[in-house]
Protein chains: 2
Amino acid sequence: MIIAMFELRHLAALDAIATEGTFGRAATRLGYTQSTLSQQIAALERAVGGPVFDRPGGPRPARITPLGRVVLEHARTMLAAADAAGEDIARFHAGGGRVDVGTFQTVTNVLLPPVVAALRSDHPDCDIRLVEDETETPTLAGLDLMFFDGPGAPDLDRVRLLADEHVLVAPRAMFRASRVAVDRLDGVPMIGLPPICDQRRVEDQLADLGVRPRFVFRTADNQAVVSMVRGGLGCAVLPLLATGSARSDDQVTLHRLRPALPPREVYLLWQGTLSPLAARLRDLSVAAARDLTSSGACRL
Amino acid sequence: MIIAMFELRHLAALDAIATEGTFGRAATRLGYTQSTLSQQIAALERAVGGPVFDRPGGPRPARITPLGRVVLEHARTMLAAADAAGEDIARFHAGGGRVDVGTFQTVTNVLLPPVVAALRSDHPDCDIRLVEDETETPTLAGLDLMFFDGPGAPDLDRVRLLADEHVLVAPRAMFRASRVAVDRLDGVPMIGLPPICDQRRVEDQLADLGVRPRFVFRTADNQAVVSMVRGGLGCAVLPLLATGSARSDDQVTLHRLRPALPPREVYLLWQGTLSPLAARLRDLSVAAARDLTSSGACRL
DNA sequence: GGCGATGATCATACAAACCGATCATTTCCA
DNA sequence: TGGAAATGATCGGTTTGTATGATCATCGCC
C-alpha cells in the first residue's frame with residue numbers, strides 16, 4: 001500500500017460521512033453530490049489499501065471499519081490543523097499576527113510608543129515583540145523590521161525615517177554661546193555611549209577634525225549619559241532625540257556644534273515581502289518620523 | 001481569501017523548498033520537476049491569498065515570507081500527522097494496532113491464553129484489550145470481537161467455536177455413579193453463577209424438567225463455585241470448561257447428567273469488516289477451539 | 001409486492017497536475 | 001565587459017483526476 005496518497009478533501013469526506021452516517025447527508029453538508037462522495041471514498045480506500053466503510057446495502061447507513069477508524073483519527077487531527085491554518089491566515093491578512101522588531105533606545109522611547117498604540121488599537125490581539133540588540137553589525141535574522149542608524153546592507157529594503165542633529169550637552173557653567181566650536185572639545189572630559197554605531201561615527205568625525213575628547217565614563221543608557229552631564233562629570237555629544245526630554249535648564253545646556261557634525265540618520269530596514277501588520281508598522285513609523293521632523297524635534 | 005483550498009502536496013512542496021532552499025533541489029527530493037513545484041507553489045499562493053516565497057531572481061535562493069511562515073508552521077503539523085497516519089496504516093495492514101475483545105471467564109482462562117501468546121509473538125507491539133462484561137444482553141459497541149455463549153443478534157457475523165458439555169460438580173460423598181439423573185437434583189443445595197446467560201438457560205431447562213434445586217450461594221467467579229462445592233456447601237451444574245482444571249479427586253466428583261442438558265455453545269461475534277489483527281485473533285480462536293474440542297476437553 | 005432510501009456505476013465535461021522546453025533575470029568569474 | 005551558470009516563471013500538450021446527472025442494484029419496511 002502506497003504512502004499518504006490521500007488528499008484533505010478525502011479526509012473531510014471521511015469525517016463528514018462518519019459524523020452524518022450516510023453518504024448523501026454528508027454530501028449535502030459538504031456541497032457535493034452523493035456520487036462525488038462515493039468516488040472520493042473510493043479514492044481514499046485505494047490510497048489506504050482497504051475499505052474504510054462497510055456498506056450494508058439497502059437503507060442501512062454506512063458503518064466505519066477498523067481501518068476507517070485508524071484513518072479517521074489522524075484525519076481529524078489534520079482537518080483541525082487545516083482549520084487552524086485557515087484562521088491564522090485570515091488573521092494574518094486582517095493585519096493581526098506577530099511582528100518582531102529590532103529597535104534601539106531612541107526609537108523605543110520617542111518613535112514607537114504612538115506607533116504601537118495605533119497598532120494595538122486596531123488589532124488588540126496582535127503580537128508585537130521588540131528586541132533591543134545594539135551591536136556593531138546587527139542582523140535581520142528572526143526580525144521582520146529593524147530600526148538602525150544607517151542604511152544597512154545593500155541587499156535590504158529600507159526607508160529613511162529622519163535625520164537627528166548631533167548636539168553638545170554640557171554642564172551649565174561650561175559653555176556660554178548657543179553654538180560651540182568643535183575644537184573646544186579637545187581634551188574636555190566627556191561622557192559617551194559605547195563606541196559603536198553612531199557614537200563611533202561621532203568619535204571618528206571628531207578625530208578627523210583633530211579633536212580628542214577625554215572619555216571619563218561610558219554607559220549604554222542615553223538617560224544615564226545626560227544624568228552624568230547633569231552631575232558635572234563632563235559633557236556629551238548626542239543625537240538630539242537621544243537626550244530625551246532634556247533641555248537647557250539650571251544644570252545643563254544644549255548647544256549646536258560648529259561645524260555641525262553629520263546628523264544621525266535613522267533607517268527602517270527589512271527584507272522582502274512584509275506582513276500586513278509589519279507594513280502597517282512601517283507606514284506608521286514613517287508617519288511618526290515625519291511628524292517628529294516637521295515638529296522640529298530633530299533640530300535644536 | 002478562500003478557506004483552506006490547499007492540498008497536502010502543496011504543503012509538502014512548501015516544506016521541501018523551505019528546507020532545501022531552492023525549488024530545483026526540493027523538486028529533486030520530491031521526485032517532481034522544478035516546473036511542477038513552481039506551479040504547486042503558485043496554486044498554494046492562490047489558496048492562501050499571497051506569496052509564500054520571495055524570489056530574488058537570479059541564482060539567489062528563495063526566501064520564505066511572513067505569510068509563508070504562518071502556513072509552514074501548520075503545514076508541518078499536518079505533514080507530521082500524515083506521516084503518522086501512514087505509519088499507523090502500515091502497522092494496521094501488517095497486523096498490528098489495537099483490538100478490543102469482549103470475553104468471559106471461561107474463554108479468558110481456557111481459550112485466549114495461547115491465542116494472545118501467538119498474536120503477541122507475531123506483533124510484540126500490538127494492543128490487545130480484553131473486556132469482561134457478562135451481562136444479559138451484551139453489546140458490540142466499542143468492540144471488534146465478542147465471545148458470547150450464544151449466536152447473538154441476527155445482523156451480526158459469527159462463528160461457532162465449541163459446544164461445552166454441562167456437568168454436575170458435587171462433593172465427593174454425594175453421588176456415586178458417573179451419570180446422575182437430573183431429577184435427583186430437585187431440592188438439592190446448589191452453588192450457582194448469577195442467573196444470566198448460560199446459567200439462566202440451565203436453570204430454565206432444569207425447571208422444565210421439574211427440577212428445582214435450592215441455591216444456597218451465587219458468585220460470578222467460576223473458580224469460587226468449584227471451591228464452594230469442594231467445601232461441601234452444595235453441588236453445581238457448570239459447563240465443563242468453566243470448572244477449570246478441576247477433576248474428580250478426593251473432595252469433588254464430576255458427573256454427566258441424564259438426560260444431558262444442551263451444551264453451552266460458545267460463539268465469536270463481530271460486525272462487518274475486521275482488521276487483520278482481529279481476523280487473525282478470530283482464526284486463532286477457531287483453531288484453538290477446534291483443538292479443545294478434538295482433545296476432548298469439552299466432554300467429560 | 002411495491003415504495004423509498006441507500007450507495008455503486010457510467011458517461012461526460014471540465015479542471016488540474018505534470019512534464020519538457022524555453023525564457024528572463026541575476027550573480028559570478030574570466 | 002561579456003559570457004557561463006543558476007535561479008524561477010511561463011507555455012503547450014498530455015495525462016490524470018474531479019464533479020455531475022442519470023441510472024442501477026440492494027435491502028428494509030409498510
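**Domains of chain A**

I looked up how far apart domain 1 and domain 3 of chain A lie, and their C-alpha centres are 71 Å apart in this predicted model. For chain A, the assignment I used gives domain 1 (8–94), domain 2 (98–162 + 266–294) and domain 3 (166–262), the bounds coming from an automatic or database domain assignment. Because the model is predicted, I kept local features only at pLDDT of at least 70 and side-chain atom pairs only at pLDDT 80 or more, while totals for chains, interfaces and linings use all residues. In my notes residues are numbered from 1 along each chain as its sequence is written, chains are lettered from A and ligands numbered from 1 in the order in which they are written, and side-chain values use heavy atoms, with hydrogens and water left out.

**DNA strand C**

Of the atoms of DNA strand C that come within 4 Å of the protein, sugar and phosphate account for 66%.

For polar contacts I took pairs of N or O atoms within 3.5 Å; within protein, one must be able to donate a hydrogen and the other to accept it, and residues adjacent in sequence count only if both atoms are side-chain atoms. On this basis I noted a phosphate oxygen of DNA strand C at 2.6 Å from an N or O atom in the side chain of B:Q40, and a phosphate oxygen at 2.7 Å from an N or O atom in the side chain of B:T36. A:F23 instead uses a polar backbone atom, which is 3.0 Å from a phosphate oxygen of DNA strand C. Two or more residues of the surface near DNA strand C come from each of helix 2 (23–30) and helix 3 (34–48) of chain A and helix 1 (8–20) and helix 3 (34–48) of chain B; here helices (H or I, at least four residues) and strands (E, at least two) are DSSP runs, numbered from the N terminus.

I sorted this surface by class, counting Ala, Val, Leu, Ile, Met, Phe, Trp, Tyr, Cys and Pro as nonpolar, Asp, Glu, Lys and Arg as charged, and the others, Gly among them, as polar. The surface near DNA strand C has 5 nonpolar, 16 polar and 3 charged residues.

**DNA strand D**

Around DNA strand D I found 25 residues, the closest being A:S35, A:Q39, A:Q40, B:S38 and B:R55. Sugar and phosphate make up 69% of the atoms of DNA strand D that come within 4 Å of the protein. I did find a base contact, in which a base oxygen of DNA strand D is 2.8 Å from an N or O atom in the side chain of A:Q39. The surface near DNA strand D divides into 5 nonpolar, 16 polar and 4 charged residues.

**Interface of chains A and B**

I next counted contacts (heavy atoms within 4.5 Å), and 35 residues of chain A are in contact with 35 residues of chain B. The two chains bury about 3100 Å² between them, 67% of it on carbon and sulfur atoms, where buried area is the accessible area (1.4 Å probe) that two parts lose on being put together, summed over both. In chain A, the residues that lose the most area to chain B are A:H74, A:I89 and A:T273, together 17% of what that side buries.

The rule finds 4 salt bridges across this interface, each a side-chain nitrogen of Lys or Arg within 4 Å of a carboxyl oxygen of Asp or Glu. I noted the salt bridge between the side chains of A:R9 and B:E7 (2.6 Å, N to O). Helix 1 (8–20) and helix 4 (66–94) of chain A each give two or more residues to the side that touches chain B, and helix 4 gives the most, with 17 residues.

**Within the chains**

I also looked at the salt bridge in which the side chains of A:R76 and A:D15 meet (2.7 Å, N to O). A:R76 lies in helix 4 and A:D15 in helix 1 of chain A, so this pair ties together parts that are 61 residues apart in sequence.

Last, I checked the backbone and found that the peptide bond from A:R258 to A:P259 is cis, with omega near -5 degrees. A:P259 sits in the loop between strand 12 (252–258) and strand 13 (264–270) of chain A.

Notes. Near = heavy atom within 4 Å.
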